Structure formats: structure tokens, C-alpha cells
Number of protein chains: 2
Amino acid sequence: MPRYELTYPKEAHNTVKRYNSRGASYALKTIHEIINAAQLLHVSFQPDDSPFPAVLPMLGQMGSFDRPSADTGDVLDLYLHGYVSSRLMNVSRAKTTAADGQETPDGLPITIAASFVDGLVLALSPNAHSYNYRSAVLFGYATVVTDVSEKLYAMECITNSVVPDRWRQTRVPPNNAEMQSTSVLKVRIVSGSAKFRTGNTHDDRCDLDDESVLDSVWAGVLPVYTTLGEPIPSSYNRINPVPAYLEQFRTDYNSNSLETALEAAVEPPEDKKAVDPQDD
Amino acid sequence: MPRYELTYPKEAHNTVKRYNSRGASYALKTIHEIINAAQLLHVSFQPDDSPFPAVLPMLGQMGSFDRPSADTGDVLDLYLHGYVSSRLMNVSRAKTTAADGQETPDGLPITIAASFVDGLVLALSPNAHSYNYRSAVLFGYATVVTDVSEKLYAMECITNSVVPDRWRQTRVPPNNAEMQSTSVLKVRIVSGSAKFRTGNTHDDRCDLDDESVLDSVWAGVLPVYTTLGEPIPSSYNRINPVPAYLEQFRTDYNSNSLETALEAAVEPPEDKKAVDPQDD
């Protein structure tokens, strides 16, 4: 744990405007935990030849190759997993080499987003409807990892983010063909932010004072959570029963997932409530 | 249903390179269903003053104001719900008015992404690990909806995408203050694509022929699905028990969600299998 809570700087591109009063965070720990918990990240970058940002679903994990014991609240890099043939890898590789063949240190500017819905907030009026959610964005410069040790470190991080300790439980290390067919991007993060909503419904006074509305509309939260189902063995699987580390992961994941959704629906103490119902 | 399956054109920005052989689709119906099923969309656009695309989590739904009975496989617009104060709304509004005050019809180029994870595919080697997933992107030009009837149509669509028929079950119509504080973006879609993976593990021959690997690594799929939990009433809720339409929605949602994850793990017939294991 860092001695002080580290936060990303507030700059034009990461300032969370609507939620400053309650549901925004620039804390590295908060942001990194949302990114690490996400099974898929959306990676956006602006191609030169299109008016539209490209968006790719990718796997990623925060880490520090130089200091592998670093905490989630520390300054970390984001490692993204992809394939040598993919457009992002090509663009990123091109950007690290300028027209004159000189390496430019910056890399490709990319934005990484991850969001979780924790509950459907069903209020008296449609306008007061909302979600309990957690969402994080990170902004940084992506380059292709060329160092073999660092690439292996990132591949292990990412595999273990799918199932804890999975790397050690599989056929490792990757062979030469696998190392060559896999690319890893390292994103040097320059800023980021998170926003979230928790609590139950917040309705406007006009509806809370209206007996006919109160007597006709159900108000409350439907918790939303992700579940890992019963394992489905492959046709060539020989390991029976399912190993303990996998069942433990399922149990932990499912109880944590439900608990997060239920906790999100708990109304925060009065002094932390939103002042402005428009925040919903 | 359209008589012929409509597809988006393949252009540089939406061509799915890695998955052309099996897991890509340009069918409007496939893409629109992924977008409509997503609780949150990630909306990306390139601000003028930053190297990084901005990414915002938003609610959205495909629809046709001119032809409300249109099928999901038809040409549709995407309606996004946001707030007048948000950065996207401001940029989008600015973009519809050129410097000389003339309206430009194009709007703001944005990319919309939605992804679902349906299963963790745990193979013998880390490199053959994968996800069963569905992912869609849409590219289009966003403008602010000014017509009151169209705005109401979009608000109803979006509310009913959270819970079917919810609009009619709440205090409607929105009052003037609500209409003014809410903005709706209409996105004229120009192209899009979807990619997905289904099936169980696909491992390389070298691992499938290795007795020690087969005897030590569990291979198979952990299905992943979203669950709606027990409703948590608001402190001021008076409607007990939970209305039938809400419980029916929960039941339908949860069974559909589990079924989708289980179906995704079923190995496709031989002739539809990926030829190249790298596709994993």
C-alpha cells in the first residue's frame, strides 16, 4: 500500500463533470481495481484514415514489470493482450517508429474503458431511473512489448486475471511459435478517472408527495451481478472432478459478485447523499 | 423481418480482420441485438483538444421514430440518453452548427461498442485460452434530438430497454423540467460489425498429443452470465408484493442469460469449426 493515496491529475480529458459532487474518483486504487476486475476492456484509438475512433474488446491487466509486488494503488502500467495481425498492434508498432526510422517514445494514444452495472434503479418517474454502476477510463500511450521477460510477465498476469493461478496450472512456458504469434501492448498511463453510483432510488419531491404515484409505481433496485456457472469440460478433458482451485475461484467470484451488487443498493449515509436529484 | 438480411457495408474502419473466417457478422439484426441487449454502451469520440478519444458509458437503444414497428434487422437509428451538461452533448451540439452559424447535417462522428462475455475458455496452454463472447461496434453521426415527439419516443424506448413496459408503469409523461434537463442523441448509423466466439476449447496438436499435459490440465468452459437478484424495495415503496411484470422480467432475463452462456459453450458442428487454432 502506498503511504498516501495516489490520484491521477485532473486534466481536460479526464475531468468527470457531472459527478464531481459524489460519484467520481481519481484514486489509482479505485480505477485500477475496476480495470483489473473487468473481463473485457474496450480500447479506443483514433485511426488516421477514419472520422470514427476504432474500438476493440481486449483483455488487460495492470502490473509493474520492474516492481512485480506493487499494490493496485501504485503507479502501474496496463498490459493488453492481442495478436500481431490486429489493427491496433500494427498502428501501435507504426507509431513507435517515425517516418525517418527514428523511434519515438510516445506510442499510440489510446483510451481504455471498463464498466460494471451493479443494479437497475427503478424510480417513480422515468427520469429518476438510473443504474448502480462502476466505470473507469484510463488514458495512455501504447507500445509493443519487445523484451521477452516482460512479455512473459504480462502474459502470466493476464492469464491469472482470467482465473487466479491458472498460468501455473497449464502447459507453460509458451513455445517459440506462441511467443511470436502473441503480442502484448504496454500502456504508459497518463491519467484516468472513475465514476460510480450507489444507493436506492432518489425521486423528485413532486413524486414523493404524490399519493397516486406512490400507490401505483414499484420503486427499488434490481441487483445485477455476474455469475460463473457449472464448469463444462472439454471433449478431451481428463481431469475429474473439477480441480479445487477452479471451484474455489467460482465460489469466491460468485459470492463477491452478489455481495458487490447488494452493497451497491444500500443507501449511503445522509451526509453522503447527492444534493441534486439530477445526479441520478 | 426484412425480406433479405440487411448487412452493413464493409469499409476500412469496420472490417473485422481476425475473425472473417468464422466469428464475424455485418448483419444488422445480429449487431442491433447485441447493442439492444447491452445495459451500458461505451460511446467514443475524438475531442479536438486531446490526443485521446473520450469514452462515456451511456444507455442506448436502436429504434425508428418514423417507423416504430421496424424490426431489429431493419435500418434503425441509435438513440442515446444523456444530460444537457455532459461533454458529449456539448460537442455534438457544437458540431451541428458550423462556425458561420450554418447547420451542418453530419453531426459528431462517434463509435458505439458493446460486449458480452459468455464463458471463460480454459485450454491446455495459456495461448489457447479464450472467451466465448459477443461484441458489436456501430459507427455513426450523432445529433441532438430537438423534436419533442421524437425525444419522448426515444425516452420511452430507452426506459423500456431497462425493464420491458416500465415506461407505462411509471409516472409519465415527463414534466417540462424533466424534458429540458434530459438530452437525447440520435445516431445516424453508417456502418457496424459484430464478432463473437462460441464453442469449447481448441488446443494445438502438440498439446492434444501430450499425455502429461492431458493428465494434468483441466480443460473446458466456465459459463459466464448476468443475473438479476431479488428486488430491493426503496424506503418509500408501497407496492407489495413486487409486481408480476417485474418478476416475469427477472425470470425471463435470468433464464435467457444462463441459456445463452450454456449454448455458447456447445461445440459447433465440424464444418463450422475454425480451421486455424490461432483464431482462439
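**Figure 1. Salt bridge between B:Asp215 and A:Arg238 in the predicted model**. B:Asp215 has a relative accessibility of 49% and counts as partly exposed. Its side chain meets that of A:Arg238 in a salt bridge, at 2.9 Å from N to O. The pair crosses between chains: B:Asp215 lies in the loop between α6 (211-214) and β8 of chain B, and A:Arg238 in the loop between β9 and α7 of chain A. A:Arg238, at 38% relative accessibility, is likewise partly exposed.

**Figure 2. Salt bridge between B:Arg238 and A:Glu211**. The closest N and O atoms of B:Arg238 and A:Glu211 are 2.7 Å apart. Across the interface of chain B and chain A there are six salt bridges, and 47 residue pairs are in polar contact. By class, the side of chain B that touches chain A has 57 nonpolar, 31 polar and 16 charged residues.

**Figure 3. Contact surface of chain B and chain A**. Chain B contributes 104 residues to the contact, and chain A contributes 104 residues. The two chains bury about 8800 Å² between them, with 61% of this area on carbon and sulfur atoms. B:Phe52, B:Trp218 and B:Tyr236 supply 10% of the area that chain B buries against chain A, more than any other three residues.

**Figure 4. Strand pairing between the chains**. Strand β9 (residues 232-233) of chain A pairs with strand β8 (residues 220-228) of chain B in the antiparallel sense, over two bridges. A:Pro233 has B:Gly220 in β8(B) as its bridge partner.

**Figure 5. Salt bridge between A:Asp77 and A:Lys186**. The closest N and O atoms of this pair are 3.9 Å apart. A:Asp77 counts as buried because its relative accessibility is 18%, whereas A:Lys186 is partly exposed at 22%.

**Figure 6. Salt bridge between A:Arg250 and A:Glu230**. The closest N and O atoms of A:Arg250 and A:Glu230 are 3.6 Å apart. This pair links distant parts of the chain, 20 residues apart: A:Arg250 is in helix α7 (residues 244-264) of chain A, and A:Glu230 is in the loop between β8 (220-228) and β9 of chain A. A:Arg250 is buried, at 12% relative accessibility, while A:Glu230 is exposed, with a relative accessible area of 57%.

Technical notes
Residues are numbered from 1 along each chain as its sequence is written. Chains are lettered from A and ligands numbered from 1 in the order in which they are written. This is a predicted model: local features need pLDDT of at least 70, side-chain atom pairs count only at pLDDT 80 or more; totals for chains, interfaces and linings use all residues. Side-chain values use heavy atoms; hydrogens and water are left out. Contact means heavy atoms within 4.5 Å. Buried area is the accessible area (1.4 Å probe) that two parts lose on being put together, summed over both. A salt bridge is a side-chain nitrogen of Lys or Arg within 4 Å of a carboxyl oxygen of Asp or Glu. A polar contact is a pair of N or O atoms within 3.5 Å; within protein, one must be able to donate a hydrogen and the other to accept it, and residues adjacent in sequence count only if both atoms are side-chain atoms. Ala, Val, Leu, Ile, Met, Phe, Trp, Tyr, Cys and Pro count as nonpolar, Asp, Glu, Lys and Arg as charged, and the others, Gly among them, as polar. Two strands pair if DSSP finds at least two bridges between them. Helices (H or I, at least four residues) and strands (E, at least two) are DSSP runs, numbered from the N terminus. Buried means under 20% relative accessible area, exposed over 50%, partly exposed in between (1.4 Å probe, protein chains only).
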